[in-house]
Structures are given as C-alpha cells and as structure tokens.
Amino acid sequence: SISSLNHDLKDFAGVDKGALSLFEMTLTMYPTSHFEQVQNEGWVLLAVGLFIILVSIFLLNLLVAQLNQAYQGVFVDMQGYARLNRAKVIVQTMEQVSQKRWGRFLGNLKLDERLE
C-alpha cells in the first residue's frame, strides 16, 4: 500500500485517502498542483504509475469484452435475418416455377430409386 511508504504526502496518509487519490487520478480529477508533490516522492510516483497502467489495461480489457459481447448479439440477429431473407427469395422463386417444370424436376431426382 502506498500509505505504508515513507513519504510526507497528505493525499496518501491513510488507506482511505490513498484510495480516493488513486481514484481521482484514474478519472483525471486529481488536482494538478498536487502532482508536483507526488513527483518529488520517487516510490510513490512509481506506485501511482504502476496503478494507472494496471487500471488502464483492465479498463481496456473490459471495453474489448463489452464490444465482443455486443458483436456476438448482433451476429446472431444478423444470421437470423439472413436466413429469413434467403427463405423469402426461395418462396418468391418457387411461385414463378410452373407445376409442369416442378414435376419434371422431381422426376429427374429419382427419389423413388435406391442409391445402392
């Protein structure tokens, strides 16, 4: 914990103040005048930098997971609409085929004969 390091920063004096300061830094709400004090403390600066990097990676992974889930939902819907449109085209095509031609097609399939 940053509060256990040897420093003179009031923003990181306790666990609660340290967590609040890190949260403010993550959301870019931390006062810029306090950054000069953090820069003077090497270990605190290292710990804060590491925390910001880890939080950034976590939030980026969370964004990728949300986008992936949204894409999967859209993909399922897209497949359903594609199948409905394909069925619509087949039905429209079948309406244009004459009964005589359809019967000749079924006869050429020879479905009554065994394959072996």
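**Exercise 1. Is Thr28 buried or exposed?**

Before starting, note that this is a predicted model: local features need pLDDT of at least 70, side-chain atom pairs count only at pLDDT 80 or more, and totals for chains, interfaces and linings use all residues. Residues are numbered from 1 along each chain as its sequence is written, and side-chain values use heavy atoms, with hydrogens and water left out.

Solution. 
- Step 1: find Thr28 in the loop between helix 1 and helix 2 (32-40). Helices here are DSSP runs of H or I with at least four residues, numbered from the N terminus.
- Step 2: take the relative accessible area of Thr28, 71%.
- Step 3: apply the cut-offs, with a 1.4 Å probe and protein chains only: buried is under 20%, exposed is over 50%, and partly exposed lies in between. So Thr28 is exposed.

**Exercise 2. Describe how helix 1 packs on helix 3.**

Solution. 
- Step 1: two packed helices are described by the angle between their axes and the distance between the axes.
- Step 2: the axes of helix 1 (residues 15-26) and helix 3 (residues 42-96) come within 10 Å and cross at roughly 55 degrees. Each axis is a line fitted to C-alpha atoms over the stretch in contact, with angles from 0 to 180 degrees between N-to-C directions.
- Step 3: under 35 degrees is roughly parallel, over 145 roughly antiparallel, 65 to 115 roughly perpendicular, and the rest oblique. Helix 1 and helix 3 are therefore oblique to each other.
- Step 4: look at who meets whom: Leu22, Met25 and Thr26 from helix 1 against Val48, Phe51, Ile52 and Val55 from helix 3.

**Exercise 3. Which residues make up the largest nonpolar core?**

Solution. 
- Step 1: look for buried Ala, Val, Leu, Ile, Met, Phe, Trp, Tyr and Cys residues joined through side-chain atoms within 4.5 Å.
- Step 2: the largest such core has eight residues: Leu9, Phe12, Leu22, Met25, Tyr30, Val38, Val44 and Val48.
- Step 3: helix 1 and helix 3 are the elements that give two or more residues to this core.

Key
Contact = heavy atoms within 4.5 Å.
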